[in-house]
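Hi,

Here is the structure I promised to pass on.

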Amino acid sequence: MSETTATRPESASARTEGRGKAEDWLEAAYQQLLLGGVDSVRVLTLAKTLGLSRTSFYWSFKDRDALLAALLARWDAHNTARLIGRCEQYAATVVEAMLNVFDCWLDESLFDSRFELAIRNWGLQNEDVAAVVDQADQTRIQALTAMLMRHGQPESQADVRARTIYLTQIGYLSMRTRESVAERIGRVADYVEIFVGEPCQPHDLERFAARHPG
């Protein structure tokens, strides 16, 4: 007997096309979080956005809580991991090291500021999320402290400077400060000297600015 469409097993790709991939649901959740906050991240809303049935969501995630957990993990893997990566990147001087970190504040692919603010706003509503954010804050400050100590700064001073660096940037986000790239770069040399105690030389700033032409 010949195989018909009705009897032929459904391929994995066909099944995926009909219900979407987990990555599609997660990306839609990310976009919705930025747009309307965590309360707007609803399965029905995401299904409508993706043009899929509500029930198809459950092929990818057990429930909404599982999706939210994946969203939180995505934030940590992007913002925390990449900030730590910049702290650990090779630098010949503490100024160069600081400028490596400053790349995060001007490059969304390294540090997604809108995602950061959305997660922090979510943490104001949820103690468990607040605890995750607090742990990320401590991990990031520790990475900045270790970076400064590698360049010869004493631990107590490195800790205070790391907190100054980090809390300044979180203040930028919380206050929704708007600066053009040119305005931010125009302040970078002074910020660096305040943060690390050494002057930012013209050639350091030139290399940094060349990485951020926008």
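Searching the whole structure turns up 10 salt bridges, a salt bridge being a side-chain nitrogen of Lys or Arg within 4 Å of a carboxyl oxygen of Asp or Glu. Before the details, a word on the source: this is a predicted model, where local features need pLDDT of at least 70, side-chain atom pairs count only at pLDDT 80 or more, and totals for chains, interfaces and linings use all residues. Residues are numbered from 1 along each chain as its sequence is written, and side-chain values use heavy atoms, with hydrogens and water left out.

One of the salt bridges joins Asp103 and Arg86, at 2.4 Å from N to O. Asp103 sits in helix α5 and Arg86 in helix α4 (residues 64-88), so this pair ties together parts that are 17 residues apart in sequence. (Helices here are DSSP runs of H or I with at least four residues, numbered from the N terminus.) Asp103 is buried at 4% relative accessibility, and Arg86 is buried too, at 14%. Buried means under 20% relative accessible area, exposed over 50%, and partly exposed in between, using a 1.4 Å probe and protein chains only.

Another one pairs Arg184 with Glu179, with the closest N and O atoms 3.5 Å apart. Arg184 is buried at 7%, while Glu179 is partly exposed at 24%.

Then there's Arg207 with Asp204, where the closest N and O atoms are 3.1 Å apart. Both lie in helix α10 (residues 202-211), three residues apart, about one turn of the helix. Arg207 is partly exposed at 44%, whereas Asp204 is buried at 8%.

Now for α2. Just after α2, Gly37 takes a positive phi of about 85 degrees.

Finally, an unreviewed UniProt entry lists residues 42-61 as "DNA-binding region"; such annotations may be inferred rather than shown by experiment. Over residues 42-61 the chain is 40% helix and 0% strand, and the end C-alpha atoms are 13 Å apart.

Cheers

Definitions and conventions:
Helices (H or I, at least four residues) and strands (E, at least two) are DSSP runs, numbered from the N terminus.
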